[in-house]
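Trainee: Hi! I've just opened this one and could use a hand finding my way around. Can we go through it together?

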2 protein chains.
Amino acid sequence: MATTRKSARTTPAAERPHPDATRRSQRSRQAIYAAALALVGEVGYPKTTIEGIAARAGVGKQTIYRWWSSKAEVLLEAFLDLGEQAVHAQGQEAPYAIPDTGDIAADLKAVLRATVDQLYDPRFEAPSRALAAEGLVNEQLGREFVAKLLEPSLQLHVDRLRAAQAAGQVRPEIDPRIALELFVSPLAQRWLQHTAPVSYAYTDTLVDYALHGLAPR
Amino acid sequence: MATTRKSARTTPAAERPHPDATRRSQRSRQAIYAAALALVGEVGYPKTTIEGIAARAGVGKQTIYRWWSSKAEVLLEAFLDLGEQAVHAQGQEAPYAIPDTGDIAADLKAVLRATVDQLYDPRFEAPSRALAAEGLVNEQLGREFVAKLLEPSLQLHVDRLRAAQAAGQVRPEIDPRIALELFVSPLAQRWLQHTAPVSYAYTDTLVDYALHGLAPR
């Protein structure tokens with residue numbers, strides 16, 4: 001796809017896609033993403049098929065195969081697109097960044113509250129849960145989604161914790177990739193496994209405990 | 001079952017189960033547990049059936065229905081039995097207790113290392129993963145297994161953290177049910193979602209970070 005887009009610049013006018021065609025493509029893509037997310041949430045990953053996605057999106061099967069080679073790829077891009085939409089909906093300019101107000105506690109609390117909102121967003125919850133469930137037993141799919149969706153968002157926490165180390169708010173010997181799990185993983189487990197209720201007060205508490213520790217100071 | 005066992009005390013000798021019959025029952029139960037765990041690990045929860053468990057265990061379907069009303073119940077007891085076996089294998093007298101040597105850091109590190117061993121035990125890993133996956137999308141099953149298997153083991157951490165509060169090693173205002181998640185949930189997420197490797201060094205680090213916090217002291 002990257003090659004196609006790049007070469008379009010020098011394509012003679014007669015061969016360029018008509019603006020209406022581009023808009024139609026974009027509409028088809030959005031319809032395919034929506035159909036893929038809805039289906040996987042409703043029937044689970046194993047029963048979601050390219051045929052089913054095409055039928056629900058009102059496009060031909062070949063339209064999907066022209067752009068993607070598997071349902072896993074369609075779903076991966078559908079989730080990436082959903083994440084971008086969520087960022088735009090919050091009016092953020094730079095997608096995928098954790099704010100740096102200079103106060104690490106406040107910034108982590110804000111991002112965890114936004115994560116709570118996203119996890120329990122009805123458009124997101126059922127498909128994410130279905131995909132996470134499949135990722136537990138289908139190790140290849142699980143690793144691909146972790147690498148392409150989860151790990152990039154965790155790296156934003158790494159970046160923010162490194163900035164906090166530079167500012168003297170986090171101890172220099174702390175490994176940020178492990179440290180972030182003290183507040184990210186508890187929320188993930190409560191959401192995934194319904195182990196206990198989730199609230200902003202809960203995620204705020206996680207940040208306070210992680211930063212200040214359980215032992216007396 | 002509890003009622004049956006209780007009333008056996010006053011059952012006339014002629015009606016009491018013969019010792020050989022009791023041993024056969026026990027052998028059948030163990031065969032059913034093993035078959036249920038193996039099957040759910042191999043084909044997943046949805047495709048595991050009472051018929052399949054009976055065939056693999058070499059017992060009649062009615063033998064299973066005499067003792068349990070659903071495959072979820074069979075699996076729940078199979079996991080409880082597996083946990084008890086693991087405790088006995090470690091030579092512990094009191095099952096399901098976290099040691100209290102007076103050093104909260106050492107005790108939490110020891111219990112997390114033992115948890116790592118259990119999570120990656122081949123008899124345990126595939127069935128646990130299959131069941132966790134089903135629990136994500138089947139909320140009723142998920143909640144039942146959390147209530148009967150996961151939460152009781154988390155309560156042992158609550159008890160140990162309360163003892164540490166009494167000993168002045170954990171701040172009195174800390175909520176132990178949230179605090180335990182700082183080290184339990186990261187390990188659970190790495191194991192469940194393959195987000196990163198697990199080692200004793202990693203779980204030791206989680207305990208140190210959780211107790212002493214990320215911020216400078």
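Mentor: Happy to! Keep in mind that this is a predicted model. Let's begin with A:Glu181, which forms a salt bridge with B:Arg190.

Trainee: What's the distance between the closest N and O atoms there?

Mentor: They are 2.5 Å apart.

Trainee: And how many salt bridges are there between chain B and chain A?

Mentor: The count is two. Polar contacts link 26 residue pairs between chain B and chain A, with both partners at pLDDT 80 or more.

Trainee: Which helix of chain B gives the largest share of the side that touches chain A?

Mentor: That's helix 10 of chain B, with 10 residues. At least two residues each come from helix 7 (122-137), helix 8 (139-166), helix 9 (176-179), helix 10 (181-193) and helix 11 (200-212) of chain B.

Trainee: What kinds of residues are on that side of chain B?

Mentor: They divide into 25 nonpolar, 11 polar and 11 charged.

Trainee: OK, and how much area do the two chains bury between them?

Mentor: About 4,500 Å², with 63% of it on carbon and sulfur atoms. On the chain B side, B:Leu136, B:Tyr209 and B:Leu214 lose the most area to chain A, together 18% of what that side buries.

Trainee: New topic: where is the "DNA-binding region" annotated in chain A?

Mentor: An unreviewed UniProt entry places that annotation on residues 49-68 of chain A. In the model this span is 75% helix and 0% strand, and its end C-alpha atoms lie 13 Å apart.

Notes. Residues are numbered from 1 along each chain as its sequence is written. Chains are lettered from A and ligands numbered from 1 in the order in which they are written. This is a predicted model: local features need pLDDT of at least 70, side-chain atom pairs count only at pLDDT 80 or more; totals for chains, interfaces and linings use all residues. Side-chain values use heavy atoms; hydrogens and water are left out. UniProt positions are given in the numbering used here, feature names are shortened, and annotations may be inferred rather than shown by experiment. Helices (H or I, at least four residues) and strands (E, at least two) are DSSP runs, numbered from the N terminus. Buried area is the accessible area (1.4 Å probe) that two parts lose on being put together, summed over both. A salt bridge is a side-chain nitrogen of Lys or Arg within 4 Å of a carboxyl oxygen of Asp or Glu. A polar contact is a pair of N or O atoms within 3.5 Å; within protein, one must be able to donate a hydrogen and the other to accept it, and residues adjacent in sequence count only if both atoms are side-chain atoms. Ala, Val, Leu, Ile, Met, Phe, Trp, Tyr, Cys and Pro count as nonpolar, Asp, Glu, Lys and Arg as charged, and the others, Gly among them, as polar.
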